[in-house]
Amino acid sequence: MNTALLAGYILAVTALLITPGPVMALVTATAARSGYLSAFRTILGTHLASLILIFLAMLMLAGIVSIDPFLLSVLGIAGACYLGFTAIEGLRRFHPSSSSGVVAERGGFITGFITAVASPKDILFFLTFFPQFRGITADFHTSMAVLCGVWVILDFLMLSLYALVVSHLFTVRFRQHLARCTLVALLIIALCSVIYNALSIMA
């Protein structure tokens, strides 16, 4: 195994995972609003979606399947609309007319899954990212398995750690402000995704 290349891959994945995105925003909002257990279920949903996208990317790299870019754009718009709906519903639960002042749970496995799969063009990202590190081992399938395993482990650890910090170390008032901010960020990401995918269709 090429340990130097593996170390480079780990550093690259770590840098990518700490970059804010829809999954990070959802996990943050869920942890701030409903606690770690709800955030953990959300993380499990995002991981299933990531595994599916990575598996499809690997099938495309192996030349087994091909996916129409138009279909990816349509799925991207549908997923972004769901993402926007989730953000709006979450923000509405902060309205003063809310009965108890405690915001109801809006995370969960299904929401995490749909949020992570809402950007099916991540398949194209994996198509360009993974080949740069396929030389980790001499065998293509072994290399892909290692790349996938490292990605899933690092993604899970980083999201879980972030959810623990948000849910246990921050004050209730700060968590409420953080949840609002991340939900707004989620809504902006959804709008940008709709515009991006619509432009891709019209191009």
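This is a short tour of a predicted model, stop by stop, with what to select at each one.

**Before you start**

Residue numbers run from 1 along each chain as its sequence is written, and side-chain values use heavy atoms, with hydrogens and water left out. Since this is a predicted model, local features need pLDDT of at least 70 and side-chain atom pairs count only at pLDDT 80 or more, while totals for chains, interfaces and linings use all residues.

Colour the chain by pLDDT, the predictor's confidence in each residue, from 0 to 100. The mean for the protein chain is 81, and 92% of its residues reach 70 or more. Now select 97-105: pLDDT stays under 50 there, and the model has 11 contacts beyond four places in sequence for this stretch. A contact here means heavy atoms within 4.5 Å. Where pLDDT is low, the predicted coordinates should not be read in detail.

**Stop 1: the aromatic rings**

Rings of Phe, Tyr and Trp (its six-membered ring) pair if their centres lie within 6.5 Å; planes under 30 degrees apart are stacked, over 60 edge-to-face, and the rest tilted. By this rule there are 10 aromatic pairs. Select Tyr9 and Phe129 to see a tilted one, at 5.8 Å centre to centre with 35° between the planes. Tyr9 sits in helix α1 (residues 3-17) and Phe129 in helix α6 (residues 122-129), so this pair ties together parts that are 120 residues apart in sequence. Helices (H or I, at least four residues) and strands (E, at least two) are DSSP runs, numbered from the N terminus.

Buried means under 20% relative accessible area, exposed over 50%, and partly exposed in between (1.4 Å probe, protein chains only).

Next, pick Phe126 and Trp151. Their ring centres are 5.1 Å apart and their planes are at 80°, so this pair is edge-to-face. Phe126 belongs to helix α6 and Trp151 to helix α7 (residues 140-169), so the pair ties together parts 25 residues apart in sequence. Phe126 is buried at 4%, and Trp151 is buried at 8%. To see the cluster linked by ring pairs, show Tyr9, Phe126, Phe129, Phe130, Phe133 and Trp151 together.

**Stop 2: Ser143**

Stay on helix α7 and select Ser143. This serine is buried, with a relative accessible area of 0%. Show Arg134, Ile136 and Thr137 as well: Ser143 is in contact with them, leaving aside its neighbours within four places in sequence.

**Stop 3: Gly108**

Go to the loop between α4 and α5 (109-117), where you will find Gly108. Gly108 counts as buried, at 9% relative accessibility. Which residues does Gly108 touch, not counting those up to four places away in sequence? They are Ser38, Arg41 and Thr42.

**Stop 4: out to the surface**

α4 (69-92) and α8 (172-202) each supply at least two of its residues, with the largest share, 4 residues, coming from α8. Finish on Met202 in helix α8, which is exposed at 64% relative accessible area.
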